[in-house]
Amino acid sequence: MDSIPSASHPRPANCLGDPRRVSQYQSPPQRILLGILFMCTAGMLFAVMGGCAKLLGAHYSSLQVSWARAFGHIVFLLVAFLPRHGLGVLRTRRPLMQLARSALLFLSNLAHFFAITFIPLAKAASISLTAPLIVALLAGPVLGERTTRARVIALLCGFAGVVLVIRPGTSVFHWASLFVVLSAASYGVYQILTRLVAGVESPETSAIYSSTVGAFGMLLVMPFVWITPVSLFDIGLFCALGILGALGHYCVAYAFGYGPANIISPFQYFQLMGSVAVGNLFFGELPDAYTWLGAAVIIGSGLFIGWSQSRKKPGGA
């Protein structure tokens, strides 16, 4: 973990209720680039995690797979952080917001893991790309980030891209695609809450709390859905879910501490390329032309929103 910057490094201060919050969120360019790097890394880690979940989903309940991801996440981070940071890493100033983040992340993972047992990874990843659009949609009223007519048009184009990928009413439509839409919406709101706590909580604290609901709340359900892993390979996949998820969301927590949500979040689009590679390598899946086209529309919309948000108006902050 030494290669990851310490949480003691300067980060944007929390600005809830502070009318100056927009200007306070303007990180120096080198910190924005660092945030982008962390988000790209997270996207690749999540792609590999999706491949592991799809392999397990063929034989185990989505509830068990989702619980393993959350519980492994908690165990891995506690082992990594407690020796270095002590029990203080569990202290949070925003307990309700942390629990809300955790519930949204668990819902997002559960819906996504369920969906990819029926549809290709690349298609699911393409639909998941709407999460940054959800962030952009909510960034104005929640984070105080400026919204323009051009960005609203870009949002509409992005959601049109989703329709192109799903193609409702056609023979290629699969109802499981709607669960990916639910997953993306949940993850978008999760990112907004992550941004809100980024200036108050350390990335270590946010990363640990992001899976508490799934790890401990689902213990009540596990006796009814549990299937004992049948091989060491399956055990390894279950363990990998937690490690990959923990590292990915640790990167997300750091990413949003280094720049505005509208700039950072679109760079999770790297997850699409990782999902295509994993899907082709392990499942022989390749996206069709409509999926690529829809993904391009979604990505283009998100990148335009991020670019327009990053422009500084003359005399602006």
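## Exercises on a helical chain

The chain has 15 helices and zero strands; helices (H or I, at least four residues) and strands (E, at least two) are DSSP runs, numbered from the N terminus. This is a predicted model, in which local features need pLDDT of at least 70 and side-chain atom pairs count only at pLDDT 80 or more, while totals for chains, interfaces and linings use all residues. Residues are numbered from 1 along each chain as its sequence is written, and side-chain values use heavy atoms, with hydrogens and water left out.

### Exercise 1

Find the salt bridges and say which parts of the chain they tie together.

**Step 1.** Start with the rule: a salt bridge is a side-chain nitrogen of Lys or Arg within 4 Å of a carboxyl oxygen of Asp or Glu. By this rule there are two salt bridges.

**Step 2.** Take K54 and E285: their closest N and O atoms are 3.5 Å apart. K54 sits in helix 2 (residues 29-57) and E285 in the loop between helix 14 (270-283) and helix 15 (289-310), so this pair links parts 231 residues apart in sequence. Both K54 and E285 are buried, where buried means under 20% relative accessible area, exposed over 50%, and partly exposed in between (1.4 Å probe, protein chains only).

**Step 3.** Now take D288 and R167, whose closest N and O atoms are 3.0 Å apart. D288 is in the loop between helix 14 and helix 15, and R167 is in the loop between helix 7 (149-166) and helix 8 (177-197), so the pair ties together parts 121 residues apart in sequence.

**Step 4.** Check the cover of this pair. D288 counts as partly exposed, at 34% relative accessibility, whereas R167 is buried at 13%.

### Exercise 2

**Step 1.** At the start of helix 3, a side-chain oxygen of S61 comes to within 3.0 Å of the backbone nitrogen of L63.

**Step 2.** Helix 3 bends by about 30° at L78.

**Step 3.** Just after helix 3, G86 takes a positive phi of about 75°.

Key
Bend = angle between axes of the 7 residues up to and from the residue. Polar contact = N/O pair within 3.5 Å; in protein donor to acceptor, adjacent residues only side chain to side chain.
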